[in-house]
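Please look over the model shown below before reading on. The notes that follow go through it topic by topic.

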Amino acid sequence: MTMNRRELLGYGASALGVAAIGMPNIARAQASELTIAYNVNLPSWDPTTGPSAVNPTIQGIYQSVFDQFIPQAPDLSFGPGLLTQWGWNQDRTKVMMTVREGVTWHDGSPFTAEDIVWSLQRAGDEKTGNPIQFVWKNVNNFKIDGNTITGDVVQFDPVYFKWMSFLTGYVLPKAYYEKVGAEGFEAKPIGTGPYMVDKFERNAFLRLKANPNYWGGKPAFENVTIKFVTDAASRVAEIESGSSQVTLEIPYEEYDRLIGKDGLAGSCDTVSDIGMVFFNDIDVMKDANVRKAAVMSVDKKLLVDRLLRGYGLPIDTLETPEYAAFDPSIKVEYNPDKAKELLAASGYSTDKPVKFTIQTTKGFKPKDYEMIQAIVGMWRKVGIEANIEVYEIAKHYELRAADHLAPAAFYNWGNSIGDPTTSTGFAMYGPSPHSVWDGQDVIDAINPLWAEPDEAKRIAGWKAVSKLIADNAYVLPLLQYAQPIVHAKGVKVVPHKSGALLPALMTPA
Amino acid sequence: MILQRFLTRLLTMAVTLFGVAVVVFVVIRIAPGDPIAMMLPPGASQADIDRLRALYGLDKSIVEQFFIWLAGVLHGDFGTSISLRQDVLGLVMNRLPATLELSIVALLIAVAVGGVLAVIGARERGTAVEAGIDVANGAALSIPDFLWGLAFILVFGVLWPVFEISGRVSPRLELPFVTQFYLFESIFRLRFDLTKDLLSHMFMPALALALPLAAIIAQLLKQSLKELLSLDYVVLARVKGFSETQVILREALKNAALPTLTLVGVQFTFLIGGTVIVERLFSYEGLGNMAIDAVINRDLPLIQGIVLVFALLFVLINLAVDMLYAVLNPRLRHG
């Protein structure tokens with residue numbers, strides 16, 4: 001092929017054009033700038049209504065802009081925030097709250113006790129579409145006296161104040177919201193949180209600006225850009241290329257590779273999210289020997305070590321060590337020989353295995369499908385032949401709400417407030433739409449705990465429920481997940497046990 | 001003749017869109033995944049479930065829901081997104097320009113790359129250069145667009161970071177735009193700093209989308225050119241002293257382009273379909289990226305709105321190609 005001078009110039013100009021378009025234009029880390037490659041999109045700015053309100057993965061963004069009634073420290077402990085004090089009266093018929101003074105909204109207007117009351121009333125109003133309305137409606141008739149609020153208890157719920165740190169437990173600006181309406185708030189949200197919304201392009205990015213008047217002190221980074229990068233490979237590229245300084249939720253293999261690179265560091269600590277296999281009280285699962293064998297024959301440590309590269313913690317109940325009702329004395333042994341004996345007692349063996357279906361997602365959680373494959377392999381060795389059925393998470397929710405799940409089904413369960421009600425309680429209480437096992441003994445054990453006023457007695461009761469569940473193998477708890485976070489060495493990141501990635505906890509190293 | 005053809009196509013277009021609307025409406029409602037079940041909090045009672053179902057109008061029969069939705073659509077109301085809690089039409093129209101710009105840039109790249117390769121291949125027919133182009137075409141066709149995207153991210157995003165990996169525009173920039181057609185508006189306003197930034201974000205996804213189409217154009221156009229190059233009028237041009245490149249560009253290309261045009265029109269609709277995955281990969285804020293979120297969240301009104309707009313786009317492109325072909329083809333023009 002020959003090329004004349006004109007063609008050569010043409011090709012040269014084209015190459016220069018492409019290079020000019022792509023000249024490095026990438027935001028590098030600056031002292032006041034922080035860019036985070038985030039793993040999910042933010043669908044809506046109202047943290048109290050619609051599906052976003054119960055989506056745990058975006059709570060970190062909400063908590064950057066809005067304050068919860070009661071904040072949680074990185075170890076999940078509760079501390080003073082917009083509410084500095086809270087509690088019940090002696091007979092649990094009234095709540096009392098003290099509101100922090102001197103706080104302002106992002107638009108400079110003063111935050112008052114009225115904002116707290118309005119937020120609680122709005123959350124309890126079923127017309128607003130708050131999915132947690134069933135909790136907030138339990139207290140009403142609020143009265144304000146200075147910076148003190150009292151309210152009448154309609155139905156005592158010992159977890160009421162813990163919900164103030166959980167899903168939909170956010171304080172919104174009464175006057176501003178009433179002035180701009182739902183659409184106006186969606187377009188320009190304000191809160192009292194550590195960061196103010198500077199710019200928001202849905203599905204693309206969020207620019208935050210430090211709140212200079214934040215009651216907890218101005219955050220270290222003046223400007224934070226959160227890029228919504230939903231593809232894990234792209235997030236890896238973002239951090240590796242230096243386009244972003246922090247990212248999370250990448251494959252563990254990539255985590256190990258990235259933290260070995262110059263200029264990058266990371267953490268992979270456990271968070272309040274567990275993997276488990278629900279058992280449904282149908283077919284062969286009614287046989288205690290089958291359930292116990294299915295639990296005993298799973299080597300959870302091997303699953304964590306081999307599939308999750310050691311990132312994760314095997315668990316024996318639905319309570320993790322950070323939760324209020326964790327009982328380290330409850331242990332479920334790994335004993336495949338005992339599992340064989342139990343199955344033999346019910347007439348099953350490797351030659352004549354018990355058969356059932358196990359449902360799982362594929363790619364919804366790290367190595368979910370691979371984990372179920374490994375479990376099925378372990379089961380096969382003791383005389384359980386499980387057929388794997390893969391479905392989407394949406395299908396799981398639908399089947400679970402209708403109580404139509406297969407005899408075994410993989411799922412994960414988050415519980416950032418660490419209360420047994422919102423883990424063991426809702427997961428194992430038969431009448432709950434999230435429960436799969438409907439055994440009457442568990443229902444009877446849980447029933448008195450919903451409204452138990454004595455906290456020590458309540459927690460002891462939940463520990464007993466965990467023991468009952470473990471002894472009868474009503475569920476197969478697998479592991480507590482670890483959350484991989486990779487960051488530039490120039491940024492110090494404090495991981496939060498809830499799994500929320502909070503820019504306010506990040507400082508220049 | 002062309003007018004009659006146009007009116008017939010408009011009628012079939014309306015029927016097609018109605019059919020798409022019915023199919024999409026029914027399929028997404030019988031497909032697995034209940035949007036209400038997905039937003040149920042722990043501890044929700046049956047009353048809570050019923051309340052949410054009524055709130056989103058899902059407590060009525062499918063037929064009833066369909067006619068309510070259809071009546072709304074005919075009045076320009078596509079409903080409210082369940083997950084985003086905003087007007088569906090507004091959301092879709094807000095995103096459509098981003099996807100259109102990406103698709104048009106991809107098309108331009110495909111036509112440019114495919115056209116150049118076709119001309120070079122035709123000029124160098126029977127040599128190692130043509131064989132090399134055939135091999136490259138084969139590779140471009142057999143590797144799906146999202147894999148090209150991943151490869152570009154690795155090469156141009158990580159190893160030689162010259163292009164932006166994610167997004168449509170740099171968050172730090174202040175945008176003066178009044179439309180959502182950022183790229184076109186930046187050129188119109190002579191804000192080439194913004195044009196450069198937008199192209200820097202768009203280049204990798206557009207190239208990933210363009211490569212398979214470029215390969216198709218190159219193959220088809222090259223074949224057409226090769227056939228034409230042996231015809232008498234082309235031989236005559238050579239005799240007149242035109243160089244081989246001049247012969248191809250001045251004499252053969254126009255006639256060879258007609259069959260390619262039809263194919264490009266059809267393939268362009270596939271290219272737009274490909275934006276769904278590619279936009280996701282590059283976190284590009286287009287309609288495709290939003291479609292994936294809508295499906296994950298089982299946001300029924302939003303899925304319906306997006307699919308209907310995609311369908312409208314497809315039939316409009318087909319109509320345009322059909323009309324263009326009729327105008328350019330003398331046999332149809334005078335027939």
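A:P194 is buried, because 25 other C-beta atoms lie within 10 Å of its own; a residue counts as buried if 20 or more other C-beta atoms, placed from the backbone, lie within 10 Å of its own, as exposed if 12 or fewer do, and as partly exposed in between. This is a predicted model, in which local features need pLDDT of at least 70 and side-chain atom pairs count only at pLDDT 80 or more, while totals for chains, interfaces and linings use all residues. Residues are numbered from 1 along each chain as its sequence is written, and chains are lettered from A and ligands numbered from 1 in the order in which they are written.

**Surroundings of A:P194**

- A:P194 belongs to the loop that runs between α6 (174–187) and β6 of chain A, where helices (H or I, at least four residues) and strands (E, at least two) are DSSP runs numbered from the N terminus.
- Once neighbours within four places in sequence are set aside, the contacts of A:P194 are A:S64, A:N211, A:Y214, A:G216, A:P219 and A:A504; two residues are in contact if their C-beta atoms, placed from the backbone, lie within 7 Å.
- A:V153 is 41 residues from A:P194 along the chain, and 32 Å separate the C-alpha atoms of the two.

**Chain A as a whole**

- Chain A has 16 helices and 17 strands, and its radius of gyration of 26 Å is close to the 23 Å that the globule rule gives for 509 residues, so chain A is as compact as a globular protein of that length.
- The radius of gyration is taken over C-alpha atoms, and the globule rule is 2.2 Å times the number of residues to the power 0.38.
- Along the principal axes, the C-alpha atoms of chain A fill a box of roughly 85 × 85 × 40 Å.
- Of the 509 residues in chain A, 49% are buried, and among the contacts between residues at least 6 apart in sequence, 70% join residues at least 24 apart.

**A covered helix in chain A**

- α14(A) is mostly covered, with eight of its eight residues buried, namely A:T421, A:T422, A:S423, A:T424, A:G425, A:F426, A:A427 and A:M428.
- The cover over the buried residues of α14(A) includes β14 (408–414), α15 (440–446), α16 (455–472) and β15 (475–488) of chain A.

**Positive phi in two loops of chain A**

- Most residues other than glycine have a negative phi, and most peptide bonds are trans.
- A:R92, although not a glycine, has a positive phi of about 60°; A:R92 lies in the loop between β2 (83–88) and β3 (94–99) of chain A and counts as partly exposed, because it has 14 C-beta neighbours inside 10 Å.
- A:E249, which is not a glycine either, has a positive phi of about 50°; A:E249 is placed in the loop between β9 (246–248) and α8 (252–259) of chain A and is partly exposed, with 19 other C-beta atoms within 10 Å.

**Contact between chains A and B**

- Chain A brings 56 residues to the contact and chain B brings 55.
- Among the elements that each supply at least two residues of the chain A side are α1 (5–21), β6 (195–201), α13 (393–401) and α14 (421–428) of chain A, while α7(A) gives the most to that side, with six residues.
- By class, the side of chain A that touches chain B has 26 nonpolar, 16 polar and 14 charged residues; Ala, Val, Leu, Ile, Met, Phe, Trp, Tyr, Cys and Pro count as nonpolar, Asp, Glu, Lys and Arg as charged, and the others, Gly among them, as polar.

**Nonpolar cores**

- The largest nonpolar core has 192 residues, and those with the most contacts inside it are B:A210 and B:A214; such a core is a set of buried Ala, Val, Leu, Ile, Met, Phe, Trp, Tyr and Cys residues joined through C-beta atoms within 7 Å.
- Helix α9 (residues 192–228) of chain B provides the largest share of this core, 21 residues.
- Apart from neighbours within four places in sequence, B:A210 is in contact with B:A106, B:I109, B:A110 and B:V113.

**Domains of chain B**

- Chain B is divided into domain 1 (2–74) and domain 2 (91–334), with bounds that come from an automatic or database domain assignment.
- The centres of domain 1 and domain 2 of chain B, taken over C-alpha atoms, are separated by 32 Å.
- In chain B, 18 residues of domain 1 are in contact with 16 residues of domain 2, and α1(B) gives the largest share of the domain 1 side, 13 residues.
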